[in-house]
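Colleague: I am new to reading protein models, and I would like to learn how to look at one feature after another. Could we go through this one together?

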Amino acid sequence: MAEVEEDPNAFAFQEDDHRGAYIFTASHPAENQAASAPQPSKRRRVSGKKRKSNMPDATPVGEELSDSDNGSGLFVSLFSGSESKEAIELRRRTFEKGWGDLLEGRIQRVLREANQNTLDEVGSFMWDAEAKLTADGEGASISKKIPAGFIITGPNIASQDLLFEQLAETLSDAKRAARVVRLRSAGAPNLKAALKKIINDATASLSERSEDDDIAEVSVGEDGRKHLNYDLEGLYAFLKARESRRVIIAFEDSEAFDSGLLTDLIVLFHSWQGRIQFSLLFGIATSVDLFQARLLKSTAQVLYGAQFDVVQADSVLESVFRSAVAGSQALLRLGPSLLQNLLERQKDQVAGIHVFISSLKYAYMCHFYANPLSVLLADDGLLDRKLLQPEHIEAIRSLGSFREHVEASVEARQLNHAQSLLDDDEYLISQILQQRQKRLDYLTELLRSLHLLTTTGLRPGSFTDLYVSALVNGVDLLSEDFSNVFDSARKLGPGEIISLITSLLNAIQAGSPDLDLQGWESDADELVTALSGIQDKVETLVTRAKQSGQPLKSKYSAQGKILRTTVVAQKVQLSHDSATLTDEDKAFTKAIDDLTELLSTNIYCPPANSLFLHEAWLYNSKSPYRDVFVPRPGTTFERALSRPHDYLNCSCCAKVDGTLAATMPTASILYHMYLETGSLVNVSDLWSAYYALVGDESDMGLDERSALFRFYRALAELRLMGFVKQSKKKADHVAKLKWL
Amino acid sequence: MNNSLFQLPNELVLTTLAQIFPCRDSQIRALATLLYPTAAPCQNLVLYGTEATGKTAITTALLEALENERAEDGPTIKSAIVNSIECITARHLFESIVSKVVHALRWESPPSRCETISQLMVELSKMLKYTPRPDNFHFVLVLDGIDRQRDMPATLLPALARLSETILCLTTVFIVTSPPANFLRTPFVAQIQFPNYTKPEFVAILATKTPPKLPTTTEEETVDLWTRFAGAVHDALARSAARTLPAFRHACTALWPRFTAPILAGTHGPREFSKLLVAARVHFQDERLLDPGIVAANTMIPHNSKLTNGNAEMVKNGGSLVKQPGTRDHQAVGTASDLAVLLPTTARLLLLAAYLASHNTTRHDLTLFSTHHHGRKRRRGGLSLGVGRGGRRSKHRKIARKLLGAHAFVLERMLAIFAAVRREWDAKGAAGGDAMDSDVGMAIATLASLRLLVRVGAGVAGADPMDRGGKWRVNIGWEMVRGLGRSIGVEVEEWLIE
C-alpha cells in the first residue's frame, strides 16, 4: 500500500495547483480506458469562477497566464486573448486607482479612528493608575498592586492586531518612555520563552532609537556579570541605566495563554513591582469574570484592573460600509445579493472586519481582472473610442441591460434610437460614453435619497440594510416597502415636524462626510424653499394655536377619534366620534400632506439593475467569493467521489447518475460502498463486494491481481482523505471516520 | 567586656525591632540568637509559618540592623537574601545567589557563570572559605520562599543545606511555608515558627496605627472605638476568611468609614458600640471585601446590583459568611449573556452542540437527533430520581450528568450533532449551507483559542487541530450554556437525557 502512495508521480500536482481539479493518471499499463482517455481540461469550474454570469464571451484563458512585458502584470488578455494591451493596461490602472488610491487608505483611517476612544481611555488609565495606587497608600501591599487593563475585544482576536499596534504606539510615546511588549500565546508557550520575549522586546525597542554601544549593556549587568536571557535582573539593569521604570506588557489573546503561565508571570511581575513598574494589558474575548475564574484568587488580588470596551464590531462595520461600499468614492458598486451575503457572514460567522475588507478587495480584483467591460469605469480622459474594440461592442450588445434598454425604447416608440443602438457602432459608443455621467448622477441621487431618509429617522433599521434594499428595489416612498415611513411621519406632532424639517435642511446643507457627500443646497433650491415654507407655516400655526389655547393636531393623530359611551335604557352604546378639527388643525394636516408629498418626490431612486450598462459597475456574483473565502473541502471531496463523471467527463460513465458503476474509479466505487456500511467496515467483505463488481465474472473482467492492486490503492486513498482509519477493535476491520 | 563566650547582640537593636514588629518579640530574639556569631550560630535555620507572618520582613530588618551595628571589635555579619520566586530555573537561583554574595562582599572578580550546585559550592568556597576573614566573621545566606522554587531537582534543598558543612562561617536560612519532616536530610536543623497572630495580637497591631480622629468625637473615643471595632471585624471576618494581617487590615480600613457613618451623621454616639454594630451589620456580611475581584477601577453598575442581590439573598439565608454558590450563579448569568452577545451565531450553535456532545451519552444520540421517527420521544431532562418511591432511595444514587464534569467527545460526533440541530435551531441562518465549510472550522478554532472548547487526550500539542477523530471537551458550565441557548431561543434542558 505504502509503495503505491509513494509513487513519484503523485507529487506532480504542485505544478498544476492553479487548476480546479487534478486528475491523477499513473503511467501504469493496466489503466482502464476512462483514465487513459485524453484528459479533458477542467474548464467548467475554473471558468465559472472567473466569468460574469451574464457575459458569455468574457471567458478568460485562465491557464495561459502570460507575464506580458507591458507591465500589466498578471492581468490577462480577455476576449480569448484578443483584448488590446491598452485596454488591459487601462483595466489595471483603473483597479489600482479605484482600490489602492481611493479606498484602502480610507478604510485604514476609519478603522484607526474607531479605536481612538479605547486608546484614550486605556492611556489615561495607565498613567493615572500609578498615581492612584500610591495615593491609596494605606500599606505597601496595596501600592504594590499591578495596574491591569482588560480590553474586551470580542472573539475575533485576529482583527484586534491593529488595536494593539495603536496601543503600542500611543503608550510608548517618547514623553512617557514606557516600553510596550506585545505577547501572543503562540510566541510564549512557557515561562522562559515569555520572559525572553519580554526582555528582548523591551530592550530592543529602545536600542533602536539610541546608539549602538548601548546594546552591549543588555546582557551584561553593572558588575560585569552576564544575565541569563530570561532574568528580569537584566531588564532591570537596562532600565535603570536609562532611568525609566515602566514596562507595559500586552497579552493579546489572554484566553489562549495557559492559566498556569499567566499566574506565574503575574506573581513574578508582582515580586519585581517595586523596581520595575509593570503594567499589564489583557485582550479578552469573552468576559472578565471568566478570565478571573481562571486565575488563582491570590494572583487575582494582585491586579488592580479596569475594563475597557472596544467599539462594537457592528458599528465598525457600519462605518467601513459607509465609507468604502456606499460612499461616493467607491468606484465599483457591490451588488445586493453579494453584499447581503457578506453582511450575513459578518453576523453569523466568526469573521472579523478584516474578512469583510478582503472580500471587498477580492470583489474589486475579480471585476477588473475578469470583466473586460470594467474599462468603462476609467476616468473620462482615458477612455476613448479607439480603445473600444469590436469585441467590447459585441459584449455590450449581449448584455441583459442592453436588451432591456432597447426593448424599453422600442416600447417608448424611439425606434430610431433602438435601431442605431443595434446597428450603428459609433452611435452605441457615444451612448456608452454618456453613461459615465449617468452613473454618477444615479449614485448621487441614490446617496442623497438615502441620506435624507436616514436623517428623518422615520425608517427603522440600519443603514446597511437600507442601502442593500435600495439597490434591489430602489427608493420609493410610495411603495409597499416604505409605507411605514409616512405612517410614522403623519403621527408626528407640530414640534417634531419642525425639528424634522430643520434636520433635513441641515442634511442638505452639510451633506454627509461619512459618505463623502457634499452639501447640495445649490442644486436643491426648490426643495429647500418648499421645506422652509412648510416650516414657517407650521410655526405660525403653532403660535396661533397657542393663542387660542387649543393644542394643534392633525386628522392623522390618534386623538382625532373619540370613543363615546352613552347609556340608553340600561344598554351601553359605544360610538366613534370624530373630533372636530379647527381651521388651524386642517391647515396643519395640509402641511403634513405637503411635506409627505415633497418627500416622496425628492426621496426617490430607481433600482440599480434597471440602469443601462449597470453590468460594468455593479458586481454581484457570489460564487467566486464563496469559493475563495468559504471553501468546503469535505463537500467537494464527497461530491467528486460520488459523481466522478461530472469531473472526468468520460464516455463510459455518462449513463450513471450518481449510482454505482463498475467503470467508475476504484476510490469512487469504494466510497459508494462505504456509504452503506456501519461504523466498522470489514475489509474482506468490502473486497468481495468490490471484486464481485469488477471481477472475472463481471463486465469489466479484471483478474484478481490487478483488481486487488486497485482495491488497495483506493483504500489507501480513502484513508489519506480521512474517511477510514485503522481500527483497534477488530484486526481485519477499518473504522469509519465520517459521520456526515 | 566581650570576653564572655556567649553574647547577644545589642539589646537596643532588638527592642527597636520589636517595636516595629509588634507581637514578634520571641521570634526576633530566637532569630538573633541563632544568627549572631557570638551567641549560638547554627549552620542551617528554617523559618516557617503561613503567609504574612513577618518571616521575610523580620529577617531582612534584623540582618540589616546587625550588619550596621558597629560595635568595637564585635562580630561582623554579612548577608545576602535571594527571593526564589524571581528565579525561573535552578541555574537562575545559583546565579542569583552568587551575584548577591558578590554584591554583599564587594568581591572584585565576579564569576561569569554558575550553572550547577557544584559550581556554586566552588564559587562560595572561593569567596568565603579561602579568603582570610576575621575570626568572628559570619555570612548569612537567606533563601526566601525556597519551597516554591520552580524546576527544583529533589537534591537541591539537601545540597544547599550542606553548603555550611564545608563553609563554616556560613549560615543558610530557609524561609518556607511549612517544612515537611526532615526535608533538608540533615540530622539537626534549628527551626523557628512564625505562628499566625491571635486575636489580641491582631487587635494590638491594628491599635498601633489608629485612623484620624472623627470630627464629632474625642481622640480617646476614636482610639477606643477603633480597638473594639477591630475586635468585631476579627470575629466577623478574620476568623473565617481574612486570616492574614494585610487582609484583616484591608477589611478594617474598608469598613471603618461605613461603620462610623452613623457617628458622623449624628444618629449614634461613639459609645454606642452595639448599636453601631447592628447598623453596620450588612457591611460586615459583604463578601466583596474578601474577594474584591480584578476589576477595581470602574466597576460596572449592573454587575454591582447583581452582587448586592446575591448579598441580600445571603442575609436571608442566615448570613453565613462562607462564600455561597448563589452569588457565583448570579455572576454567571451576567457573563453568559455577555458571551451570547459577543459570539456569532455559528459559534454559539457549535458551543451548544459541544455541550450536548459532552453531556449526553452516545447511545442516546439516535433518540435525540434522528429525524427518522417524527414523533420524537424525548425525555425531558432534569433529575428524575425517587419519584413515587415514597422517598426510598435506590441503591445507586445517580447524579445528574450536568452536575458531573464534561465528558470528552469525538469531534466528528459533535459536528454530526451540530449538523442535526442547526436546521432546527437556526432556521434562517442555515442558508449558509453545509456543516463542513471553512467557516465552521474557523469557529471551532476560535472557540478552541478562547478555551471554551478544549482538546483532550494524548498528543494534544502536536496533533492536527482539525483531525476529526480528535477528542474534545466543552469548557463552560451549565449556567452559561442555558443563557446561550436562550439567546437563540433554545431550551437546552430539553435536549439532555439523563
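**Charges, contacts and cover**

Modeller: Let us begin with one residue and its place in the fold, keeping in mind that this is a predicted model. Glu704(A) lies in helix α31 of chain A, which covers residues 704-720.

Colleague: Is Glu704(A) buried, partly exposed or exposed?

Modeller: A residue is called buried under 20% relative accessible area and exposed over 50%, with partly exposed in between. Glu704(A) has a relative accessibility of 46%, and therefore it counts as partly exposed.

Colleague: Which residues form a negative surface patch with Glu704(A)?

Modeller: Together with Glu704(A), the residues Asp696(A), Asp703(A) and Glu697(A) make up a negative surface patch.

Colleague: How should I read a salt bridge, and which side chain does Arg275(A) meet in one?

Modeller: The general idea is a side-chain nitrogen of Lys or Arg within 4 Å of a carboxyl oxygen of Asp or Glu. Here the side chain of Arg275(A) meets that of Glu86(B), with 2.6 Å from N to O. Arg275(A) sits in the loop between α11 and β4 of chain A, while Glu86(B) sits in the loop between β2 and α4 of chain B, so this pair joins two chains. As for their cover, Arg275(A) is partly exposed at 30% relative accessible area, whereas Glu86(B) is buried at 9%.

Colleague: Where do Asp594(A) and Lys590(A) lie?

Modeller: Both belong to helix α25 of chain A (residues 583-602), where they are four residues apart, about one turn of the helix.

Colleague: How many salt bridges are found over all chains?

Modeller: A search of the whole structure gives 35. Some residues are linked in a network of salt bridges, including Asp161(A), Arg182(A), Arg184(A) and Glu252(A).

Colleague: Which residues does Asn484(A) contact, once its neighbours within four places in sequence are left aside?

Modeller: Asn484(A), found in helix α22 of chain A, is then in contact with Arg459(A) and Pro460(A). Although Pro460(A) is 24 residues away from Asn484(A) along the chain, their C-alpha atoms are separated by 9.3 Å. For chain A as a whole, among contacts between residues at least 6 apart in sequence, 70% join residues at least 24 apart.

Definitions and conventions
Residues numbered from 1 in each chain as written. Chains lettered and ligands numbered in written order. Predicted model: local features only at pLDDT ≥ 70, side-chain atom pairs only at ≥ 80, totals over all residues. Heavy atoms only, no water. Patch = residues over 30% accessible without salt bridge, like charges linked within 9 Å, V, L, I, M, F, W, Y side chains within 5 Å. Areas by Shrake-Rupley, 256 points an atom, 1.4 Å probe, with all protein chains shown as cover. Lys, Arg positive; Asp, Glu negative; His and termini not counted. Charge placed at Lys NZ, Arg CZ, Asp CG, Glu CD. Buried < 20%, exposed > 50% of the residue type's maximum accessible area, 1.4 Å probe, protein only. Contact = heavy atoms within 4.5 Å.
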